[in-house]
Amino acid sequence: MESIVFLGFNLHAWITIATVLSMFAVMLFTKLRADLVFLGAIAILFVTGVLDSKEAFSGFSSTSVVIIGVLFVVVAGLTHTGVLQWIVKHLLGQPKSYSKAVIRLMLPVAALSSFLSNTTVVALFVGIVKMWSKKLNISPSKLLIPLSYASGMGGVCTLIGTPPNLIISGLYADNTGKTMNVLATTIPGLFCLFVGVLSIIALRKLLPDRKAPESAFDSTSDYTVELLVPSDSRHIGETIEEAGLQDVHGGTLIEIKHYDNREIVSPVPADEYLMGGDRLVFAGQIDEILELKKSHGFVNADHHIFTLDEVDKNRQLRTAYVTFGSSLINSSIGDSTFEKDNNMILVAVARRGKRINESPRNVILQAGDTLLFECPPHVNIHTERLASQLQFFDNAQVPNIGRKTLVSSTIMIAMVVLSALNVIPLLQCAFLAAIAMLIFRCCNVDQAMKAINWEILMVFAGSVVLGVAIQKTGIAERLAFGILDVCGTNPIVVMASICFVGTFITEFISNTAAGAMFFPIMYEAAEKLGYEPYPFLIALMVSISSSFATPIGSPTHMLVYGPGGYRFSDFMRIGLLMNLIILAANILIVNVIYHLTPLQ
């Protein structure tokens, strides 16, 4: 069966092609978890005989995948000792112009992203940038896209800055027996970063000027209304359900403050009894809620108890953004048990900076919507279940900055220096750094284990296996020959063509998957031309991490999408040009620095 050939590909090659295309389609058009998609793809390739058992599970023992897992622990140590917070506090300053603000923002973010998770860095900076933008009187939307872009451009400056670099360098080592230096991409990366910062400044008119989403929530009295139950009300002694207050038209009863014992009841159960003097706090469409004064005989409270001071003491307001792929999209909170399951109440919804004037629990949610929740202080908003649906940016827990901050910084710097100087291989350096973080108590074992993102590791492992299948079945070789037929034998044209396709493919799939997919194609193309693949792969690393044109092109874009009040097209306006500019800068610098050396 394997010997059957159609259009130059055997049966195993067609199975691989169908699996790859199906996998990308599933990730694009469904909400299925990426790790399950990759695991399913590995299973298909193994069961159909495309890969043997050793090849099918090679990703789980890949050096690059192990390094990524260990680096999660190192980042946990830096995060819990306040290193990132210290850097943010001391680097941004008070620039006098937009151009200086962009430089003061993008350079530190890029530097941090060269050694830390891009997502971690952006998640930390989002809230800071929003407050900073108010001080500078600049719309957050003018700074949050540059924030995300900087993290991506900084990530390519080192091998440990972004997973595709580790994946590609690992595959290169497997194929040649040669290891890349941890700073192999530093000069091309820095040049592209320099060009990128100048491009952002030059193209700033293409950046949208959006109103901050949470500006719709500036005053609590604007979205909550308090009514008093008079002592002669006919509803005294009835339950909330019996009084018809459980689901009122236009809003939701979010709490009761009982007159007799000053007890605050929130969330309010259906069997809670009403008493004279109770204060009822509703959220939603205020005009419609006030109709309860007529229908139920309630009166205005003499003052509004739901003040920011009381929120800080007795409850917390949490702002969250609906992420792409969230199960909440195209549904309403009222149609689910979300509030009950997570012990929080939806108070208001904003879309593109404007509050939606209808009952928040009835709003059909979209990606990027801003949600305002009221919840008790002890509620954990960073559970795995919530993280897959919402992104919270108002975590009040700030680590103490002290001696351990210096210790964790020293450990990180030592890891990078020893690896860069080839004193100790990167894998061993990462293990030593992770162990040191635990020994010096920069983080504890529980924090370290929770920091490891197993879903991401599964995707990385699957990406390695995908690359093996593409190369083993001859797909990479056929595609390489096809590109050579179209582009000729000019190595720069071939390099640019593959990088061009890679740049735009990674707008729709993970850059890790793109790296695994394009590595064998670029490697084979370079060898067919008779050149050392090293510079070709450096150019590939930069190109597949240069996704600027869609919010789904990078997890960091998704992090800023909601807080910036962006629309999908906002990224395309500036992103398409940025893709072409960085591509040109990438090809130029790689060919200036690295001489294309013929194979011996």
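The sulfur of Cys443 lies 6.9 Å from the closest cysteine sulfur, that of Cys442, which is too far for a bond. This is a predicted model, and a search of the whole structure finds zero disulfides in it.

**Cysteines**

- A disulfide requires two cysteine sulfur atoms within 2.5 Å, so the 6.9 Å between the sulfurs of Cys443 and Cys442 rules out a bond there.
- Cys443 is buried, its relative accessible area being 3%.
- For Cys192, the closest cysteine sulfur belongs to Cys157 and is 8.4 Å away, again too far for a bond.
- Cys192 also counts as buried, at 2% relative accessibility.

**Second largest pocket**

- Two or more lining residues come from each of helix 3 (53-56), helix 4 (63-80), helix 9 (163-176), helix 17 (426-439), helix 19 (454-472) and helix 22 (511-529).
- Helix 9 supplies the largest share of this lining, with seven residues.
- Sorted by class, the lining of the second largest pocket contains 15 nonpolar residues, 14 polar residues and three charged residues.

Methods. Residues numbered from 1 in each chain as written. Predicted model: local features only at pLDDT ≥ 70, side-chain atom pairs only at ≥ 80, totals over all residues. Heavy atoms only, no water. Buried < 20%, exposed > 50% of the residue type's maximum accessible area, 1.4 Å probe, protein only. Helix = DSSP H or I, 4+ residues; strand = E, 2+ residues; numbered from the N terminus. Nonpolar A, V, L, I, M, F, W, Y, C, P; charged D, E, K, R; others polar.
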